[in-house]
Amino acid sequence: MKKMLFILVSMLCLLLSVGCGSDKQAAQAPAADKVLRVATSPASPPFELYLKEQNKFTGFDIDLINDVAGL
């Protein structure tokens, strides 16, 4: 039983470490060339809201996205 648990934990660690590699092309691209695409539904205030008068989106989710993107 302990041997099987050890094997399962080892395989889990191996699978989790696969995503830790680096992509050399992505590391060389300047930050201005990178595009962050997000999707949201502006139909649920106060999280998202489309202001027609100002022609922009606003709300908690929009603020969070802008903070994560560094805008």
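What share of the 71 residues of the chain counts as buried? The share is 4%, where buried means under 20% relative accessible area, exposed means over 50% and partly exposed lies in between (1.4 Å probe, protein chains only). This is a predicted model, in which local features need pLDDT of at least 70 and side-chain atom pairs count only at pLDDT 80 or more, while totals for chains, interfaces and linings use all residues. Residues are numbered from 1 along each chain as its sequence is written, and side-chain values use heavy atoms, with hydrogens and water left out.

**Fold and surface**

- The chain has three helices and two strands; these are DSSP runs numbered from the N terminus, with helices being H or I of at least four residues and strands E of at least two.
- Along the sequence the pattern reads α-α-β-β-α.
- The accessible surface of the chain is about 6,700 Å², and 65% of that belongs to carbon and sulfur atoms. Accessible areas come from the Shrake-Rupley method with a 1.4 Å probe; for residues, only the protein chains shown count as cover.

**Aromatic pairs**

- A search of the whole structure gives two aromatic pairs. Rings of Phe, Tyr and Trp (its six-membered ring) pair if their centres lie within 6.5 Å; planes under 30 degrees apart count as stacked, over 60 as edge-to-face and the rest as tilted.
- Phe47 and Phe60 make an edge-to-face pair, at 6.3 Å centre to centre with 80° between the planes. Phe47 lies in the loop between helix 2 (24-28) and strand 1 (49-51) and Phe60 lies in helix 3, so the pair ties together parts that are 13 residues apart in sequence.
- Tyr50 and Phe57 have ring centres 4.8 Å apart and planes at 50°, so this pair is tilted. Tyr50 is partly exposed at 34% relative accessible area, and Phe57 is partly exposed at 43%.

**Nonpolar patch**

- Phe47, Phe60, Leu64 and Val68 make a nonpolar surface patch of about 420 Å². Patches are made of residues with over 30% relative accessible area and no salt bridge; like charges are joined within 9 Å and nonpolar side chains (Val, Leu, Ile, Met, Phe, Trp, Tyr) within 5 Å.
- Val68 sits in helix 3 (residues 60-69) and is exposed, because its relative accessibility is 64%.

- Glu48 is in the loop between helix 2 and strand 1.
- Glu48 is buried but has no salt bridge, and the nearest side chain of opposite charge, Lys56, is 16 Å away. A salt bridge is a side-chain nitrogen of Lys or Arg within 4 Å of a carboxyl oxygen of Asp or Glu; for charge, Lys and Arg count as positive and Asp and Glu as negative, with His and the chain ends not counted.
- The side chains of Glu48 and Thr40 are joined by a polar contact of 3.0 Å. A polar contact is a pair of N or O atoms within 3.5 Å; within protein, one must be able to donate a hydrogen and the other to accept it, and residues adjacent in sequence count only if both atoms are side-chain atoms.
- Asp61 of helix 3 is 13 residues from Glu48 in sequence and 6.0 Å from Glu48 in space, C-alpha to C-alpha.
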